[in-house]
Amino acid sequence: MKLAVAGKGGSGKTSFSGTVSRLLARDGRRVIAIDGDSNPNLVVTLGIAPERMQDMPTLPSDLLRRTEDGIELSKTLEEICTSHSLEGPDGVTLLVMAHPQHAGTG
Amino acid sequence: MHATVRSVIEVASERHEDFCILDTEASPEHLSRGTAQYADAMLLVVEPYFKSLETGRRMAGLAKDLGLERVALIANKMRGESDLEAVREFAEKHGLEVGGIIPYDDLMPAAERAGSSPLDFAPEGPAVTAIQQIARGLVDGSIAGNGAVKA
């Protein structure tokens, strides 16, 4: 199931996203959590040390390619996860999309 | 970044038992860029006051414009019967599903101050307990489900 979690700033959506991700993973589900915010905080609510994001390379600009049908990824999700994800407690995979310099703040 | 996120969600596993959870940006504008277009469902975390509920309602509208039919409110930081009534009344008026209720819990801001995850900081706390219930509802299809999906 692909779930988008949204809400006003301060509503608690990131605490919710991180907690529900871990609980689902603890229950044996495969969970990929994506921080879609340009100021990423999901890492903290997942219980991953934010320093671990510092070594993460930024996503390459050629990751998307235009095709006749629109836009598609030039790599598989598995390949992207191999180079751009962190495994957190309970086995959650955090996919790191944004620059990590502000992780853990705000 | 939005186009990449959108494409990643597009190719994520379709299996009901696998989860791909996108924590979106706080602004409603991102929704009009279609970031969440390929999600199966959207959960809107709202607080029990008008501006927050109103943002939720606007986001629900944008989600439906994207073709997302399965939208549910998650009412957070709820402090009692009057909050519950306010959220239910709002949801009913606008035809929105209340998918979950999370009580106000001092342990949540405390976890944030400690730079810790709520689950490690307060695993037995009322908010985490409520989120556990929501996780079960997502798995069994009773929250933001289409009635037919069962794990």
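## Chain B and its interface

From the N terminus on, the elements of chain B follow the order α-β-α-β-α-β-α-β-α-α-α. That gives seven helices and four strands; helices (H or I, at least four residues) and strands (E, at least two) are DSSP runs, numbered from the N terminus. This is a predicted model, in which local features need pLDDT of at least 70, side-chain atom pairs count only at pLDDT 80 or more, and totals for chains, interfaces and linings use all residues. Residues are numbered from 1 along each chain as its sequence is written, and chains are lettered from A and ligands numbered from 1 in the order in which they are written.

The C-alpha atoms of chain B fill a box of roughly 35 × 35 × 30 Å along the principal axes. Buried residues (20 or more other C-beta atoms within 10 Å of their own, C-beta atoms being placed from the backbone) make up 46% of its 151 residues.

Now the interface. Here 52 residues of chain B contact 51 residues of chain A; contact means C-beta atoms, placed from the backbone, within 7 Å. Elements of chain B that give two or more residues to this side include those below.

| Element of chain B | Residues |
|---|---|
| Helix H1 | 2–11 |
| Strand S2 | 41–46 |
| Helix H3 | 50–65 |
| Helix H7 | 126–140 |

H1(B) gives the most, with seven residues.

A:Ala4 stands opposite B:Met42 in S2(B).

Key. Contact = placed C-beta atoms within 7 Å. Pairing = 2+ DSSP bridges. Buried ≥ 20, exposed ≤ 12 C-beta atoms within 10 Å, placed from the backbone.
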